[in-house]
Amino acid sequence: MKKEVSDISTGIVLLLFSVIGYFYSAKLAVDSTTKYGPDFFPRLIFLLLMITAVSLLLTAILRFKRSTEIIAISGKMIFGVVFFILLLIGYIALFFLAGFIISTIIFLFIGQWLFGIRKIPVLIATSILLPFVLYFVFTFLFKIPLP
């Protein structure tokens, strides 16, 4: 039951994210005469994300309907969800103020702690290495500058 609820909430969030991203990526279009402009790849990715989110959502709903287990929602669970949503909003705000690397290090550290990872070496290694690897991949390999 817990997996179904998690999949349903993830599907809803990904679906909302993909719909918003799809419509915002239309602003990247420079010229309407070209078939494959700068908006083509982001729109394709968001469309594929939309399809997979709907698939995840439908399969989770079907599994949820067949399940007989009762869901127990606690105050701690609700606090965790609300805190993570606030953490995401803070990450987005900090992203534009402090840049990708610093905001991602802070977000990953707090997010992992929230989800129960308590080993300090793992927290530090993941929180520091992953942003630098992603920065290198996007900046030097894909030639996409990150803030």
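Over the ring of which residue does the charged end of Arg 43 sit? The legends below take this question first and then visit other parts of the model, which is a predicted one.

**View 1. A charge over a ring: Arg 43 and Tyr 22.** The ring belongs to Tyr 22, and the charged end of Arg 43 sits over it, 4.3 Å from the ring centre. A second example can be found at Trp 113, where Arg 118 lies over the face of the ring. Here the distance to the ring centre is 4.3 Å.

**View 2. The whole chain, built from helices.** Let us step back for a moment. The protein chain has five helices and zero strands, so if you follow the elements from the N terminus on, you will read α-α-α-α-α under the rule that helices and strands are DSSP runs. The C-alpha atoms fill a box of roughly 55 × 40 × 25 Å along the principal axes. The radius of gyration of the chain is 19 Å, while a compact globule of 147 residues would have one near 15 Å. Buried residues make up 21% of the 147 residues. The accessible surface comes to about 10,800 Å², and 79% of this belongs to carbon and sulfur atoms. Now think about contacts with a separation of 6 or more: residues 24 or more positions apart account for 56% of them.

**View 3. The largest nonpolar core.** Which residues would you look for here? There are seven: Leu 87, Tyr 91, Phe 95, Phe 100, Ile 101, Phe 107 and Leu 108. Two elements, helix 3 (75-98) and helix 4 (100-114), each give two or more residues to this core. Helix 4 gives the most, with four residues.

**View 4. Leu 87 and its contacts.** Leu 87 is one of the residues of the largest nonpolar core. Leave aside its neighbours within four places in sequence, and Leu 87 is in contact with Phe 107, Ile 110 and Gly 111.

**View 5. Aromatic rings around Phe 95.** The count of aromatic pairs comes to eleven. Phe 96 has 66%, so it counts as exposed, being over 50%. Phe 95 also pairs edge-to-face with Phe 100, at 6.0 Å centre to centre and 85° between the planes. Phe 100 is buried, with a relative accessible area of 8%. One aromatic cluster takes in Phe 84, Tyr 91, Phe 95, Phe 96, Phe 100, Phe 107 and Phe 115.

**View 6. Lys 143 and its positive phi.** Our last stop is Lys 143, in the segment after helix 5 (120-141). Most residues other than glycine have a negative phi. Lys 143 is not a glycine, yet its phi is positive, near 60°. Lys 143 is also exposed, with a relative accessible area of 64%.

Key: Residues are numbered from 1 along each chain as its sequence is written. This is a predicted model: local features need pLDDT of at least 70, side-chain atom pairs count only at pLDDT 80 or more; totals for chains, interfaces and linings use all residues. Side-chain values use heavy atoms; hydrogens and water are left out. A nonpolar core is a set of buried Ala, Val, Leu, Ile, Met, Phe, Trp, Tyr and Cys residues joined through side-chain atoms within 4.5 Å. Buried means under 20% relative accessible area, exposed over 50%, partly exposed in between (1.4 Å probe, protein chains only). Contact means heavy atoms within 4.5 Å. Rings of Phe, Tyr and Trp (its six-membered ring) pair if their centres lie within 6.5 Å; planes under 30 degrees apart count as stacked, over 60 as edge-to-face and the rest as tilted. A charge sits over a ring if NZ of Lys or CZ of Arg is within 6 Å of the ring centre and within 35 degrees of the ring normal. The radius of gyration is taken over C-alpha atoms; the globule rule is 2.2 Å times the number of residues to the power 0.38. Accessible areas come from the Shrake-Rupley method with a 1.4 Å probe; for residues, only the protein chains shown count as cover.
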